[in-house]
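Morning, everyone. Please bring the model up on the screen, and I'll talk you through it.

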Amino acid sequence: MNVVNHPIRRSFVFFLVPDFTMIAFATALDPLRSANRMLGYEAYRWRLASIDGKPVRASNGVECAVNTSLEDERKKMSGPERPNMAVVCSGINVERYQNRSAFAWLREEYNRGVAIGGLCTGAHILAAAGLLSNKRCAIHWENLPGFSEAFPKANVFADLFEIDQNIYTCAGGTAALDMMLKLIGDDFDDNLVNRVCEQVLTDRVRSPTDRQRLPLRARLGVQNSKVLTIIELMEANLSEPLSLIEIADHVDLSRRQIERLFRTEMGRSPARYYLEIRLDRARHLLIQSSMPVVEVAVACGFVSASHFSKCYRELYARSPQQERVDRKQLLVA
């Protein structure tokens, strides 16, 4: 009897970082299992790794056992067990993750032709390892402001996932599923992708450029198209805020019409709403980065640190400095 030796298309190492996001990890791994099942043979293999080979706790509190340590992975690097792809799985508190050994290992794998991936906030670790200069990448929308300031050489987008040559990054959550389905489709065909989609009860593979967040209309409960256009303009111009006259010119309305629309639809003036979204960005930067307060102020369109602090305290009932102190205490607790 002839035995058919099916090729193994890819082998993966999933590198788990403390506080990794379980949903991104699971939705990246399970499509590979489903694809193997649909194919009837093991086209994909994987193993889990951590720094020291010990279990890693996810952000939901679940501990995940691993197969190897980075020391083990380095030994496998020059042999037949070298992976085709190493995927960093991270989540909250990624900005405080500093591990030179992990960064060096990622660079070594990349330099040997291994594809490198990042799930959820994994792009932050890839950038810290020096792998994202002039590369397109995706990261979770909540981490995008801090990432942009920390790694200006990376071309980051608020997309579901990005593939730039041998670098794969996704925004986390169910976007990991879309990225893996794209990879499976590249290895095989749409027929297999459709069968996996049916297995995991999803009706389609989303495009890389599909939005991460809900559309403004759904997120804010606003129906007026002019108001939505104005808010999009505001969100695109936070570091150098547009004047109300400039906004009026963009949408072909008078200042008075814009004032009236915002009072009706948003319950506040356009100036107040613009201020609130700039302060929201500032809060993300204070929490996610070590930028000096004055630089955070400038990045969010404030002419002085004192004016920024005054506005911040009025909205959040604490100073920017206290926000950062409270965050550090929360991380230590």
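I'll go through the domains, then the interface, then the cavity.

A caution to begin with: this is a predicted model.

Start with the layout. The protein splits into two parts, domain 1 at 8-198 and domain 2 at 215-328. Take the centres over C-alpha atoms, and they sit 34 Å apart.

Now the interface. Which residues of domain 1 lose the most area to domain 2? They are E95, P145 and E149. Between them, these three make up 59% of what the domain 1 side buries.

Keep E149 in view. E149 pairs with R281 in a salt bridge. The closest N and O atoms are 3.3 Å apart. A salt bridge here needs the nitrogen within 4 Å of the carboxyl oxygen, so this pair qualifies. The count between the two domains is one salt bridge. Polar contacts across the interface also come to one residue pair, with both residues at pLDDT 80 or more.

Last stop, the cavity. The structure has one cavity of 30 Å³ or more. The volume of the largest cavity is about 30 Å³. What lines this cavity? The residues are E95, H124, N143, G146, F147 and Q288. By class, the lining is one nonpolar, four polar and one charged.

Look at E95 again. E95 is one of the residues lining the largest cavity. E95 is also among the three in domain 1 that lose the most area to domain 2.

That's the tour. Over to you.

Technical notes: Residues are numbered from 1 along each chain as its sequence is written. This is a predicted model: local features need pLDDT of at least 70, side-chain atom pairs count only at pLDDT 80 or more; totals for chains, interfaces and linings use all residues. Side-chain values use heavy atoms; hydrogens and water are left out. Domain bounds come from an automatic or database domain assignment. Buried area is the accessible area (1.4 Å probe) that two parts lose on being put together, summed over both. A salt bridge is a side-chain nitrogen of Lys or Arg within 4 Å of a carboxyl oxygen of Asp or Glu. A polar contact is a pair of N or O atoms within 3.5 Å; within protein, one must be able to donate a hydrogen and the other to accept it, and residues adjacent in sequence count only if both atoms are side-chain atoms. On a 1 Å grid over the protein atoms alone, a cavity is a set of points where a 1.4 Å probe fits but cannot get out, and a pocket is an open set with protein on both sides within 12 Å along at least five of seven lines; lining residues have an atom within 4 Å of a point. Grid points are joined across faces, edges and corners, and a volume is the space filled by probe spheres set on the points. Ala, Val, Leu, Ile, Met, Phe, Trp, Tyr, Cys and Pro count as nonpolar, Asp, Glu, Lys and Arg as charged, and the others, Gly among them, as polar.
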